[in-house]
Amino acid sequence: MVNAFSFACSACGKCCNSPPAMTLAELFRHRDRFIGCIAIGRIPRKRVGERVRVGQHERVLDEADIAAFDTLADTLLQRAGDTFSITAQGYDYPSLARCPALEDDGRCAIHSHGKPLTCEVVPLDPLVPDTLQHLVLAARNQSAVYFGAECIREGEREGAALMVAQGRVVDAHAKDALIRRRLALEKEREVWGQAVFEALRKELFDSPAALARIPAGGFLTISIVPALLTVASVSGRCRRLCADYIDSQLALIDRCIAQALVRRRLEDRPVTLELRGFANAYRHAKAALAESTVMASDGGHSPAPGAVEAYLSGAVL
Ligand code: SF4
Ligand code: SF4
């Protein structure tokens with residue numbers, strides 16, 4: 001079978017080595033466990049004729065591949081020269097090398113009540129066309145994160161689900177997870193991502209010097225406050241939901257910093273500084289929300305208030 005990979009997760013927890021990308025709704029749901037931030041990622045544009053090679057797997061991208069990348073970019077990403085992802089993300093001290101939901105026995109503490117969709121998609125990548133997911137699996141199989149887990153195997157394997165074969169995602173659960181994560185990314189873009197992109201256009205996306213801070217394939221993390229102010233502008237209830245979220249986040253940041261001070265690790269210092277910056281941004285946002293200085297949205301391209309309220313309160317995920 002051509003370009004076939006099987007997958008069987010033993011829940012060893014090796015790939016749970018950092019907080020996952022999440023939706024804003026997921027961050028609201030797990031507000032006492034995950035510190036939220038926005039991750040802005042640079043995804044270099046692919047070109048016809050580009051050679052992608054992972055081990056013995058190679059593909060020269062053709063027009064159909066580029067069209068598939070463009071379709072994903074048009075619905076899920078932003079364009080400013082390269083393409084950029086703007087996603088909500090959990091944030092924690094990298095020195096801990098673990099997701100805050102990872103239990104000591106390697107299990108996920110929120111597996112059965114709101115595990116982020118990103119984790120359901122593992123080990124596939126929703127930003128890569130289905131026809132090229134075998135290259136994603138080949139690359140993960142060679143990465144240090146998955147080393148020793150042996151959850152991804154080439155070809156068909158007993159006790160493992162055939163995940164991709166002959167340019168298709170064939171496992172029903174994986175197919176469904178990819179669809180749901182892509183729909184969630186589309187919704188995030190609609191609810192806050194597009195507005196944050198526009199808000200950052202002048203100081204970041206239209207400034208080559210500022211954009212140089214994000215290397216190809218790399219990320220810039222910023223406070224989640226621009227996303228909160230976007231959704232808070234939708235209605236009074238959204239504003240109250242955001243204020244409650246900020247209270248939980250301030251308490252969580254305090255706890256995380258207190259634990260870091262006990263650990264006394266040098267490499268934690270810049271992260272503590274960044275967390276203090278997040279806390280300051282939250283305090284300013286809370287003051288703006290209390291004074292109702294957050295402007296109501298113009299209603300032009302905004303989703304309906306009821307839909308955003310349901311989204312933030314966990315009724316719709
Ligand atoms: S490394 Fe593989 S086996 Fe371990 S938790 Fe992740 S997907 Fe599952
Ligand atoms: S939320 Fe659960 S599955 Fe996802 S990275 Fe954390 S521990 Fe792993």
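Predicted model: local features only at pLDDT ≥ 70, side-chain atom pairs only at ≥ 80, totals over all residues.
Residues are numbered from 1 along each chain as its sequence is written, chains are lettered from A and ligands numbered from 1 in the order in which they are written, and side-chain values use heavy atoms, with hydrogens and water left out.

**F84 and F205 form one of the aromatic pairs of the structure.** A search of the whole structure finds 5 aromatic pairs; rings of Phe, Tyr and Trp (its six-membered ring) pair if their centres lie within 6.5 Å, and planes under 30 degrees apart count as stacked, over 60 as edge-to-face and the rest as tilted. The rings of F84 and F205 are edge-to-face, at 5.3 Å centre to centre and with 70° between the planes. This pair links distant parts of the chain, since F84 belongs to strand 7 (residues 82-91) and F205 to helix 5 (residues 172-205), 121 residues apart; helices (H or I, at least four residues) and strands (E, at least two) are DSSP runs, numbered from the N terminus. With a relative accessible area of 0%, F84 is buried, and F205 is buried at 5%, the term standing for under 20% relative accessible area, with exposed for over 50% and partly exposed in between (1.4 Å probe, protein chains only). F205 also pairs with F197 in a tilted arrangement, 4.6 Å centre to centre with 50° between the planes, and F197 is buried at 2% relative accessibility.

**The charged end of R263 sits over the ring of Y93.** The distance from the ring centre of Y93 is 5.0 Å, and a charge counts as over a ring if NZ of Lys or CZ of Arg is within 6 Å of the ring centre and within 35 degrees of the ring normal. Elsewhere, K46 lies over the face of F69, at 5.2 Å from the ring centre. R263 is in helix 8 (residues 236-263), which is followed by R264, whose phi is positive, near 50°.

**An open sheet of 4 strands has the order 8-1-9-10.** Its pairing is antiparallel, and two strands pair if DSSP finds at least two bridges between them. Strand 8 (152-154) and strand 10 (168-169) stand at the edges with a single partner strand each, so one side of each is left without a neighbour in the sheet. Strand 1 (residues 5-7) pairs with strand 8 over 3 bridges, and S6 has R153 of strand 8 as its bridge partner.

Definitions and conventions. Expected span 1.5 Å × (residues − 1).
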